[in-house]
Amino acid sequence: MNNSIIVEGHRGWRSDYPENSLVSFEAAMDLGVDAFEFDIRMSKDGVPVIMHDSDTWRVSGEHAVIEKMTLDEIKRLDIGSKIYGEKFAGTRVPTLDEVLSLVRSKNPNFKLGVEFKSYDEYCVDISVDMLKDYGLFENCWFYCFNARIIKYIKTKYNGRTMGYPDFQMKEFESDSYEYYDELGLSTSFLKSEILGVYLEKGLPIHFYCADDEETACLAISKNASLITANNPVPLMKVLGRKINTK
């Protein structure tokens, strides 16, 4: 059994439940993962909500832009039935407040991968304040594909940051890696000739997304500190973790 690698559910338990929803997060926690990742955007009226895409079409079947919608408008979206079928019809976009309330009630020591999709400091400020109010800030990694935001989180809050390779980042500068605590790599890097370039940086590595046992084993072999999965079950099996199924 390997207890050192952190198992993180991607957008909850995305393979089986509507991504970035309360039901997905709760299912991942019940399954027995160590952490889950989620994506924060801001509504038009300044509320942090959990959604990966700015355009809501992929998950809801409705063309709309999260940042141009009020919270009331966002809450009318059905993010369950289009991809996951009628069983999940009526699943709603959660607010950050709702997610943090769920986590604190189920396990206040649970770990969180907080991905900022809105690249503005106000989004970071309001989200960090909320995380601190819930007593969950110290249990977080903060992810972003924008180097300016990574630097802001590190310098203002000393948050635990995870950035991505330079060529994937927006606003990357010559010193940007100095503000990374950890480095996120797609599992597509596992068989790439450039993997060594990033391993040589000496940062703890988060691999995403290892959804089968072969990929999980490859990520483990590269000394990953954290591995994300849309379906955490194969990864948990490889690691010898207890899997809680109903």
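Predicted model: local features only at pLDDT ≥ 70, side-chain atom pairs only at ≥ 80, totals over all residues.
## Where Arg 41 sits

Let's start with a single residue. Arg 41 belongs to strand β2, which covers residues 35-42. Is Arg 41 buried or exposed? Its relative accessible area is 11%, and the cut-off for buried is under 20%, so Arg 41 counts as buried.

## What Arg 41 touches

Which side chain does Arg 41 meet in a polar contact? That would be Glu 67, with 2.8 Å between the two side chains. The Arg 41 side chain also reaches a piece of backbone: the oxygen of Asp 53, at 3.4 Å.

If you skip the neighbours within four places in sequence, Arg 41 is in contact with residues including Val 47, Pro 48, Met 51, His 52, Ile 66 and Lys 117. Glu 67 and Asp 53 are also among these contacts.

Now over to β4, residues 111-116. Five of its six residues are buried, so the rest of the structure largely encloses this strand.

How many bridges join β2 to β4? There are six, and the two strands run parallel.

## From β4 to β5

Helix α6 spans residues 121-133. Together, β4, α6 and β5 make a β-α-β unit, and this unit is right-handed.

Technical notes:
Residues numbered from 1 in each chain as written. Heavy atoms only, no water. Helix = DSSP H or I, 4+ residues; strand = E, 2+ residues; numbered from the N terminus. Buried < 20%, exposed > 50% of the residue type's maximum accessible area, 1.4 Å probe, protein only. Polar contact = N/O pair within 3.5 Å; in protein donor to acceptor, adjacent residues only side chain to side chain. Contact = heavy atoms within 4.5 Å. Pairing = 2+ DSSP bridges. Right-handed = clockwise from strand over helix to strand, strands pointing away.
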